[in-house]
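This report concerns a predicted model. It begins with the pocket and then turns to the core, selected residues and model confidence.

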Amino acid sequence: MENVFLILGVLAFCVLFRRALGGWLCSALGGVAALGLCQLTAALLPMNLFTVLVSVVLGLPGLIGMLFLNLFWK
């Protein structure tokens, strides 16, 4: 349960300091935090190098895209 609070805290930090950190860093942290929440809820995505890189580079839209592709290909 404390992992959820840690992830939500990172997201809150990104929202509060968005101008100082830059949009790309907030997007990357948001994507990784969303991937962490998916892992905690036992979603369909495995945790490997590809999913981490896609969630860092593309953020939340990349993670949602991977979830949709995973649903269609299974």
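## Largest pocket

By class, seven nonpolar, three polar and one charged residues make up the lining of the largest pocket. Here Ala, Val, Leu, Ile, Met, Phe, Trp, Tyr, Cys and Pro count as nonpolar, Asp, Glu, Lys and Arg as charged, and the others, Gly among them, as polar. A pocket is an open set of points on a 1 Å grid over the protein atoms alone, where a 1.4 Å probe fits, with protein on both sides within 12 Å along at least five of seven lines; lining residues have an atom within 4 Å of a point.

The volume of the largest pocket is about 170 Å³, taken as the space filled by probe spheres set on the points, which are joined across faces, edges and corners. Of its 11 lining residues, L45, F50, T51, M66 and N70 lie nearest the centre. Helices α4 (49-58) and α5 (60-73) each supply at least two lining residues, and the largest share, four residues, comes from α5. Helices are DSSP runs (H or I, at least four residues) numbered from the N terminus.

## Nonpolar core

The largest nonpolar core consists of seven residues: A34, L35, C38, L45, V54, L63 and M66. Two or more of these residues come from each of α3 and α5, with α3 giving the largest share, three residues. Such a core is a set of buried Ala, Val, Leu, Ile, Met, Phe, Trp, Tyr and Cys residues joined through side-chain atoms within 4.5 Å.

## Selected residues

N70, in helix α5, is buried, with a relative accessible area of 14%; buried means under 20%, exposed over 50% and partly exposed in between (1.4 Å probe, protein chains only). Beyond residues up to four places away in sequence, N70 touches L44 and L45, where contact means heavy atoms within 4.5 Å. With neighbours within four places left aside, V54 is in contact with G59, G62 and M66.

L25 belongs to helix α3 (residues 23-40) and is partly exposed because its relative accessible area is 26%. Its C-alpha atom is separated by 8.8 Å from that of V56, 31 residues apart along the chain.

## Confidence and conventions

The mean pLDDT (the predictor's confidence in each residue, from 0 to 100) of the protein chain is 76, and 81% of its residues reach 70 or more.

Residues are numbered from 1 along each chain as its sequence is written, and side-chain values use heavy atoms, with hydrogens and water left out.

Notes. Predicted model: local features only at pLDDT ≥ 70, side-chain atom pairs only at ≥ 80, totals over all residues.
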